Amino acid sequence: ESGLYVVATPIGNLGDISARAVEVLAAADLVAAEDTRHSLRLLQHFNISTPLQAYHDHSDPRALRRVTDCLAGGGAVALVSDAGTPLISDPGYRLVREVQQQGYAVRPVPGACAAIAALSASGLPTDRFLFEGFLPAKAGARSSRLQALAGATATLVFYEAPHRVAATLAAMVSCFGPDREALLARELTKTFETLRRAPLAELAGFVAADPNQQRGEIVLVVAGCREQQAAISPEVGQLLQRLAQELP
Ligand code: SAM
């Protein structure tokens with residue numbers, strides 16, 4: 001059926017692709033991919049020979065036109081990113097908007113998403129969560145963002161680059177306090193999959209002490225602020241935290 005299919009692909013273990021995703025990729029007239037070389041390997045693995053076209057949100061308008069031309073001709077286009085669900089810290093937003101605006105159908109083909117996978121196995125509350133994606137890379141901007149989140153009561157979910165995870169955990173200890181529970185979810189569904197839940201200070205120590213924990217792909221899940229603490233303004237909260245540290 002004609003339309004744009006937003007297709008989730010595995011985040012590591014190829015067994016996590018859905019039967020429907022394979023069908024849709026094989027039946028599509030065109031696969032719009034974040035990185036065609038990367039997605040070619042995935043398609044080859046499943047013996048799919050659908051033509052690939054590079055697409056990211058800053059692509060040349062011609063890439064977008066090739067997609068809309070295909071849809072105009074009654075074709076089906078599958079959008080994929082390198083891993084997991086497109087548009088979740090990945091390209092596709094502009095394409096989905098444009099295709100909708102032009103009146104074509106957009107349909108999801110759901111599957112793996114690192115944030116949801118980490119959350120589902122975190123043992124932290126999942127009734128309300130806030131997906132924050134990647135924090136700013138610079139220390140100052142990162143601390144400001146964390147400070148702004150310090151009073152949030154929902155569980156927080158972050159993506160983080162391996163070379164920044166130690167610094168980010170240290171910044172979380174100062175902004176959220178040492179005792180907040182958090183989960184490090186590393187290399188999910190892959191050979192060196194690691195899930196470790198501990199209070200922030202302990203988790204920061206664990207990561208700082210072991211360079212192996214500073215490799216691969218990482219999701220951090222952090223418990224929200226407890227309700228009583230959230231009722232206090234961030235400035236007063238910080239003051240109380242500092243006072244508590246001074247007390248014997
Ligand atoms: N769209 C993807 C999704 O649905 O999860 C996320 C793409 S984003 C560019 C890549 C980030 O997702 C990585 O830096 C890491 O934080 C997280 N990630 C992806 N795969 C992962 C895995 N297997 N284990 C842990 N984190 C992963």
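Here are a few notes on one strand with its partners and on one helix pair.

1. Before you start, residues are numbered from 1 along each chain as its sequence is written. This is a predicted model, where local features need pLDDT of at least 70, side-chain atom pairs count only at pLDDT 80 or more, and totals for chains, interfaces and linings use all residues.

2. Have a look at strand 2, residues 30-33. (Strands are DSSP runs of E, at least two residues, and helices are runs of H or I, at least four, numbered from the N terminus.) Leu 30 and Ala 32 point one way, Val 31 and Ala 33 the other way, and all are buried (20 or more other C-beta atoms within 10 Å of a residue's own, with C-beta atoms placed from the backbone).

3. Who sits beside strand 2? Strand 4 (residues 76-80) pairs with strand 2 in the parallel sense over four bridges, and Ala 32 stands opposite Leu 79 there. Strand 3 (residues 52-54) also pairs with strand 2 in the parallel sense, over three bridges, with Ala 33 opposite Ala 54. (To pair, two strands need at least two DSSP bridges between them.)

4. Now for the helices: helix 7 (residues 165-176) and helix 8 (residues 200-209) pack at about 160°, axes 9 Å apart. (Axes are lines fitted to C-alpha atoms over the stretch in contact, and angles run from 0 to 180 degrees between N-to-C directions.) The two helices are therefore roughly antiparallel, the word for angles over 145 degrees.

5. Which residues meet? Among them are Leu 169 and Phe 176 in helix 7, and Leu 200 and Val 207 in helix 8. (Contact puts C-beta atoms, placed from the backbone, within 7 Å.)

How values were computed. Buried ≥ 20, exposed ≤ 12 C-beta atoms within 10 Å, placed from the backbone. Parallel < 35°, antiparallel > 145°, perpendicular 65-115°, else oblique. Contact = placed C-beta atoms within 7 Å.
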